[in-house]
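Here are my notes on this model, point by point. Please read them with the structure open.

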Amino acid sequence: MVRTPWRKTGTARRLHDALLAARPEQRATLLVVQDRPKVHALYQSWGWKTLGGLRPRIPDAPLFHAMLLDLPQH
């Protein structure tokens, strides 16, 4: 999440890439709340693939998009 003054400056992408750059895993996963289509679309534009919907087994939990990203191998 990027604070308002830094939105639309490329900061979110730079943070995203820096956090994942040195990860040794082959893939990363994340959950995006389904009522945030702009966030979902942003992650898709960065190469994340939607696996499907997921609702945690917690009362009143929101519905999420489960997403997957193949990470570069070092």
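This is a predicted model: local features need pLDDT of at least 70, side-chain atom pairs count only at pLDDT 80 or more; totals for chains, interfaces and linings use all residues.

1. As a general point, nonpolar side chains tend to be buried together in soluble globular proteins.

2. **The sheet.** How many strands form the sheet, and in what order? There are 3, arranged β1-β3-β2 in an open sheet with antiparallel pairing. β1 (27–33) and β2 (49–54) are the edge strands. Each has a single partner strand, so one side of each has no neighbour in the sheet. On average, neighbouring strands are turned by 25° against each other, direction ignored.

3. **The pairing of β1 with β3.** Strand β3 covers residues 64–70 and pairs with β1 over 7 bridges, in the antiparallel sense. Threonine 29 faces leucine 68 of β3. Arginine 27 stands opposite aspartate 70, also in β3.

4. **The pairing of β2 with β3.** Here 5 bridges join the two antiparallel strands. One of the positions to look at is lysine 49, whose bridge partner in β3 is leucine 68. Threonine 29 stands opposite that leucine as well.

5. **How enclosed is β3?** Of the 7 residues in β3, 5 are buried, so the strand is largely enclosed by the rest of the structure. Aspartate 70 is partly exposed, at 47% relative accessibility.

6. **Helix α1 has a buried side.** Which residues of α1 (residues 11–20) are buried? They are Thr11, His16 and Leu20. The buried residues pack against β1, α2 and β3.

7. **Histidine 40.** This residue lies in helix α2 (residues 37–45). Is histidine 40 buried or exposed? Its relative accessible area is 11%. The cut-off for buried is under 20%, so histidine 40 counts as buried. Beyond its neighbours within four places in sequence, histidine 40 contacts Val32, Thr50, His65 and Met67. Alanine 28 is 12 residues from histidine 40 in sequence, and their C-alpha atoms are 15 Å apart.

8. **Valine 32.** Not counting residues up to four places away in sequence, valine 32 touches Val39, His40, Tyr43, Leu63, Phe64, His65 and Met67. Histidine 40 in turn has Val32, His65 and Met67 among its contacts.

9. The whole structure holds 4 salt bridges. One of them joins arginine 13 to aspartate 17, with the closest N and O atoms 3.0 Å apart. Both residues lie in helix α1, 4 residues apart, or about one turn of the helix. Arginine 13 is partly exposed at 33% relative accessibility. Aspartate 17 is partly exposed too, with a relative accessible area of 33%. Another salt bridge links arginine 36 with aspartate 35, and its closest N and O atoms are 4.0 Å apart. That distance deserves a look, as the cut-off for a salt bridge is 4 Å. Arginine 36 is partly exposed at 48% relative accessibility, whereas aspartate 35 counts as exposed at 54%.

10. **The salt bridge across the sheet.** Lysine 49 forms a salt bridge with aspartate 70, with 3.9 Å between the closest N and O atoms. Lysine 49 is in strand β2 and aspartate 70 in strand β3, so the pair ties together parts that are 21 residues apart in sequence. Lysine 49 is partly exposed, with a relative accessible area of 48%. Aspartate 70 is partly exposed as well, at 47%. In the sheet, arginine 27 stands opposite this aspartate.

Methods:
Residues are numbered from 1 along each chain as its sequence is written. Side-chain values use heavy atoms; hydrogens and water are left out. Two strands pair if DSSP finds at least two bridges between them. Axes are lines fitted to C-alpha atoms, for helices over the stretch in contact, and angles run from 0 to 180 degrees between N-to-C directions. Buried means under 20% relative accessible area, exposed over 50%, partly exposed in between (1.4 Å probe, protein chains only). Contact means heavy atoms within 4.5 Å. A salt bridge is a side-chain nitrogen of Lys or Arg within 4 Å of a carboxyl oxygen of Asp or Glu.
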